[in-house]
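Please read it alongside the structure.

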Amino acid sequence: MWGKTDLNGLSRARGGPAWNPLLAHCLDAAAVCGELFDRYLSAPVRARLADDFGGGDVRTARKVLMLLVALHDMPGKAWAGFQIQFSELGDRRDPRLRAAGLRWLAAARAAGLPVDDWIPTPAPPHAHVTARYLPALLGCPGSRCTGTGRGTHEASAPTLCHPGLHTAAAILGGHHGHVPPAGRIKDGDVELSPAWQRLHADLLQELARLLDIDLQRLTELVHPQRPSAMACMAGLTVLSDWVSSDESRFAYRTHATATDHWWEASKSDAARAVAQLRLTAWKPQPATWAHLFPGTPLPRPAQRAVLEAAPGEQSLTILELDTGSGKTELALYLAHALAVRCEYHGIYFAQPTRAASEQGARRFRDFLGRALGDEAEANLAVVHGSAFASGVNEELLESNEDGPAALPARINLTSCSEDACEDAVRGTRVLLDEWFLAARRGLLSCFGIGTVDQIVLAAQRSRHWFLRLFGLANKVVVIDEAHAYEWFQQRLLGDAIGWLADAGASVIVLSATLPDVIRKDLVTAWTKGCQTTPDTPQPAGPVTFVTTTGHVSTLALPASRRTPRQRTRLLLQTDPGPEDLARTLLRQHSTGITGVIRNRVARATDLYRAARTHARELGWEPDEILLLHACFFERDRLRQQQRALRLLGPHPDPRLRTTHPNPHRPRRLLLIGTQVLEQSLDYCLDDLYTDLCPFDLLIQRRGRLWRHWCNRPHLRRSTPLMRVLTPASCDDGWPDFSPAASPPYDPYLLAATWHALNQRAPSSGAPLHLRTPEDTHPILQSIYASADGPEPIHARLRQLSAAWQLKLDGEDEQARKHSLPPYTNGVPCTAEELASGSAHDDGDDPGQAGYLAARSRLGTPGLHVVGLYQHPDRNQLTWDAQGLEPADLTRCHPRTQATAHRRQQRQILLNTVRVPHAWLSQLPHPSQWTMPEPGALRGKPVLLLDPSGRPLNPSLREHLIYQPDTGLSRTTREQHPASVSTSRTTGNEPEKVA
């Protein structure tokens, strides 16, 4: 019987056969499962699988899981309705494959295979056929289960059925992404004839012989009950199937060869494939702080206090420490120590944004170069929706392709110091195989850094949702900037943490500050996953440890051990508008680095345009003003971001970053941006202006005044000043906190923040002095408490608070609808609850309309558009306005032209921009955003531009304009785009821009 066909021609190109026997693929999958069980799984995950599939014995569980994984395609592919399909494969593009199918069919009939033993009807998915018939094949004693044509799944099966075998079969039935519910499994009934059932029994006996497993013990061994064990079995099955289906790593077998030889070849191919893909667990050795962080050879007092108090076991750790206190290094050291003790296979570092992931990836790579040991190599994947466009991923891929031979070309071995060369050599062992760039594979890398969305999606049913969970379950998971996530994300994050706790993972949460309610929810989520309750339900922080038994310990750092002791002056002032604010910035900050963080792209762009307009008259050069926000083509955003980091970040040599100033830091610069400046970039400012935002985010923004003191020795003895720009006052004398004036934040949070600061501000109008945490913690808690008081402002706050609470209740309901907790009131979820289907879609896919589609963020997503420039004089399409990078849109096959396809996808993603959803109602339908002969852009909205940035589509030309220094803007109806200056130096852009 056939199991795989050579659709891509890789086997035949090597002189191999056009098809692979079903039993051979089963053996390949079993061999990969065995390798992954030994070399990839963390010790806690292996132990949980041993409990549910091996009676507590690891070796037994390994054999049982190898057998079950081998059976993922059988009996599903071993019946007439599937086998007959081989003769129908192939077309005019591959007549040889078609001919091979017809030859196989003739040989199968001649050999007596009952390929005609069925009534031609639409065949159910082969995975569902497996789920339907496998329990009986493995020994389920249920009377209906052993019937020949009217079997049912466990929902209606008699009590004699074996629930463990049915659960395992359902999980195997989900190896294409959706675990089928009972109804879909029932639909997998194909009325198997006795002849096919005898063939299934023969195949099973042959597998059992080769794998050396006693089939009689399956009913006593297979009892999956722990939710994370079921999810990990599903993930292990899919990963084994994907690796063993890679024709470039596994040779097709011929039926003339003995199956014992097949099995030996499978084991050999599996060992080589797992090694090549580096699907091997991290084996860290105990290390000193100086070894892992040579730039700061001794931990700071606060860091040392945390290290001394940290539990040496699976745990949840919450670190609420100030910006600049070394949270990242502390988290990485704790993760390393946990990996040593608990044998985790790696680390995933979650960031709030893609930009933060990109920047943190290089820092993470440097850490891994020291943490891996002298000989080991490992994959590091940057995991987010634009991973193909990731510059770090591209560097890691090139390192993997070039190998050590390319080292001299990348490193000046004659001029760099001995230590720097050693670090560079170590860095070449941190690589990335292209295999991990395919959809849903990034988290399978032992090391990853990416967005928190990947964790949020791990607890929501969607296609292959359990694969995300499986990848994370084997790791130490670090969640950075925990205060920055919306309520919907926080609720989903809680369920994901519960799953990770159940799977044996450890979690480290980082934040500048957390409301008490969020900290409590994190602790509760963890203990629910551990099936216990916390002995301290409301820990105070700022450092909190929670073990698997529910024991909560906190660490209050004394003032002498806080580093640094942060004080900030904060001044509330009314926003004067872009024109007046621009003049103030240019006049009052003629030296130093000044930053302005706006809450909306339009406000940042307006201020940038005004500053550029007045720059020369006030003695500035336009290139001393820089804009950063989310509405740029990715290539332009990266260019702007890299310039900002080069000029404003720490010293480029990691060993000098804490002792020497950045030699590239300019005399002055005005940096204007949105939330990307709040949490995504490692830079420091001398002066900061910010729009009013929720207080916990103000604390985060304030941190930009507290980084890299060696860059600003002249300010070391002063207290930084942060100016908070509030909306203009209404008739009642308070700032305008109406919903229209508040986006993207809730009016209550802005009003409560303003009130908390305003009532503490000196009556003289002088700045408010804030100390951390003496002042900041009480302010934060007051904002999330009830607004008691007799004044009119208190009544207004209560009114806004009620509306905010309704909104939170709605987000809670949305989170409950989408998320799946591992335990509900202490009861574990079942295989039926793991099921998903078309209503859940692929997870965060805006092109799908499933009403239960997994979501990592609420709100209607914008439209992702690919931008291209057309040059009429050359009849050429390019990625850039200057015409230096031609756009080759020839479609590349993702498997047979993998490298070309990857590079093309990178170029496409680098020229992608998100059009805000609010704009779409005034723009033509996305179906009209097209171009002739789209090639690789088929099905994607395209924004075709002339070199000046104006759309060539007349219906878009009157609405939009794109400029490399300002990004995508929307023009007003009154303004004709022809009047828009395209100069990047005069700053004469239109003022009527939304």
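Contact here means heavy atoms within 4.5 Å. Helices (H or I, at least four residues) are DSSP runs, numbered from the N terminus. This is a predicted model: local features need pLDDT of at least 70, side-chain atom pairs count only at pLDDT 80 or more, and totals for chains, interfaces and linings use all residues. Residues are numbered from 1 along each chain as its sequence is written, and side-chain values use heavy atoms, with hydrogens and water left out.

**Helix pair**

From α12, the residues A231, C232, A234, G235, L236, V238, L239 and W242 meet F466, L467, L469, F470 and A473 of α22. This contact divides into 12 nonpolar residues, one polar and no charged. Ala, Val, Leu, Ile, Met, Phe, Trp, Tyr, Cys and Pro count as nonpolar, Asp, Glu, Lys and Arg as charged, and the others, Gly among them, as polar.

How do the two axes cross? Those of α12 (residues 227-244) and α22 (residues 465-473) come within 8 Å and cross at roughly 100°. Axes are lines fitted to C-alpha atoms, for helices over the stretch in contact, and angles run from 0 to 180 degrees between N-to-C directions. Helices α12 and α22 are therefore roughly perpendicular to each other (65 to 115 degrees).

**Cysteines**

The structure holds zero disulfides (pairs of cysteine sulfur atoms within 2.5 Å). C232 is buried at 4% relative accessible area. C342 is buried too, at 14%. Buried means under 20% relative accessible area, exposed over 50%, partly exposed in between (1.4 Å probe, protein chains only).

**Salt bridges**

A salt bridge is a side-chain nitrogen of Lys or Arg within 4 Å of a carboxyl oxygen of Asp or Glu. The structure holds 48 salt bridges. Three of them are listed here.

| Pair | Closest N to O |
|---|---|
| R226 and D502 | 2.9 Å |
| E621 and R616 | 2.9 Å |

R226 pairs with D502. R226 lies in the loop between α11 (218-221) and α12, and D502 in helix α23 (residues 487-503), so the pair ties together parts that are 276 residues apart in sequence. R226 is partly exposed at 25% relative accessible area, whereas D502 is buried at 0%.

E264 and K267 are three residues apart in helix α13 (residues 259-276), separated by about one helical turn. E264 is partly exposed at 46%. K267 is partly exposed at 33%. Elsewhere, salt bridges that share partners join D28, R253, D269 and R272 into one network.

How values were computed:
Helix = DSSP H or I, 4+ residues; strand = E, 2+ residues; numbered from the N terminus. Parallel < 35°, antiparallel > 145°, perpendicular 65-115°, else oblique.
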